[in-house]
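Subject: Structure for you to look at

Hello,

I am handing over the structure we talked about. Please open it and keep it in view while you read the notes that follow.

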Amino acid sequence: MHTIDLAGHRYRLRAETIIGPSRDNDIVLDDPFVSRDHARILYLENEFVLHDHGTSGGCVVNGARLVTAKLGDGDLVRLGQVEFRFERAT
């Protein structure tokens, strides 16, 4: 099971996981600096890929601002002021 760890809570990732403050999202973030559907994590060709939705705040992975990033075990992702860790199943 691939997950993200957000403030001690683990969220299981699906083939498509939408992240943002909208209550319709798979992972809901309460942060005024995060857009309604800020980012998606997609499972493509045995990789999890983070995609920014053209937000002004962007997505930061391991300190680098990126539009698209393949996620590896232990990667730190920041959306707005929220940070979480990607955890790959072993």
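A salt bridge here is a side-chain nitrogen of Lys or Arg within 4 Å of a carboxyl oxygen of Asp or Glu. Keep in mind that the model is predicted.

Salt bridges

By this rule the model has four salt bridges. One of them joins Asp 5 to Arg 10, with 3.6 Å between the closest N and O atoms. That distance is within 4 Å, so the pair qualifies. Asp 5 is partly exposed, at 21% relative accessibility, while Arg 10 is exposed, at 53%.

Arg 10 also forms a salt bridge with Glu 87, and here the closest N and O atoms are 2.2 Å apart. This pair connects distant parts of the chain: Glu 87 belongs to strand β11 and Arg 10 to strand β2, 77 residues apart. Glu 87 has a relative accessibility of 18% and therefore counts as buried.

Another salt bridge brings together the side chains of Arg 14 and Asp 26, at 2.7 Å from N to O. Arg 14 is in the loop between β2 and β3, and Asp 26 is in the loop between β3 and β4, so this bridge ties together parts that lie 12 residues apart in sequence. Asp 26 is partly exposed, with a relative accessibility of 32%.

Through shared partners, salt bridges join Asp 5, Arg 10 and Glu 87 into one network.

The sheet

Which strands form the open sheet, and in what order? There are six, arranged as β2-β1-β11-β10-β7-β8, and their pairing is antiparallel.

Leu 79 stands opposite Val 82 in β11.

Thr 3 is in strand β1. At 5% relative accessibility, Thr 3 counts as buried. Leaving aside residues up to four places away in sequence, Thr 3 touches Arg 10, Tyr 11, Arg 12, Leu 13, Arg 85, Phe 86 and Glu 87. Two of these names, Arg 10 and Glu 87, are the salt-bridge partners described above.

In soluble globular proteins, nonpolar side chains tend to be buried together. The largest nonpolar core of this model has 20 residues, and the members that touch the most others are Leu 29, Ile 41, Leu 50, Leu 71, Leu 79 and Phe 84. At least two core residues come from each of β1 (3–6), β5 (39–44), β6 (47–52), β7 (59–61), β9 (68–71), β10 and β11. The largest share, three residues, is supplied by β11.

Not counting residues up to four places away in sequence, its contacts include Ile 4, Leu 13, Phe 48, Val 49, Leu 50, Leu 71 and Phe 84. Arg 14, one partner of the salt bridge with Asp 26, is also among the residues that Ile 41 touches.

Regards

Conventions:
Residues numbered from 1 in each chain as written. Predicted model: local features only at pLDDT ≥ 70, side-chain atom pairs only at ≥ 80, totals over all residues. Heavy atoms only, no water. Pairing = 2+ DSSP bridges. Helix = DSSP H or I, 4+ residues; strand = E, 2+ residues; numbered from the N terminus. Buried < 20%, exposed > 50% of the residue type's maximum accessible area, 1.4 Å probe, protein only. Core = buried A, V, L, I, M, F, W, Y, C linked by side-chain atoms within 4.5 Å. Contact = heavy atoms within 4.5 Å.
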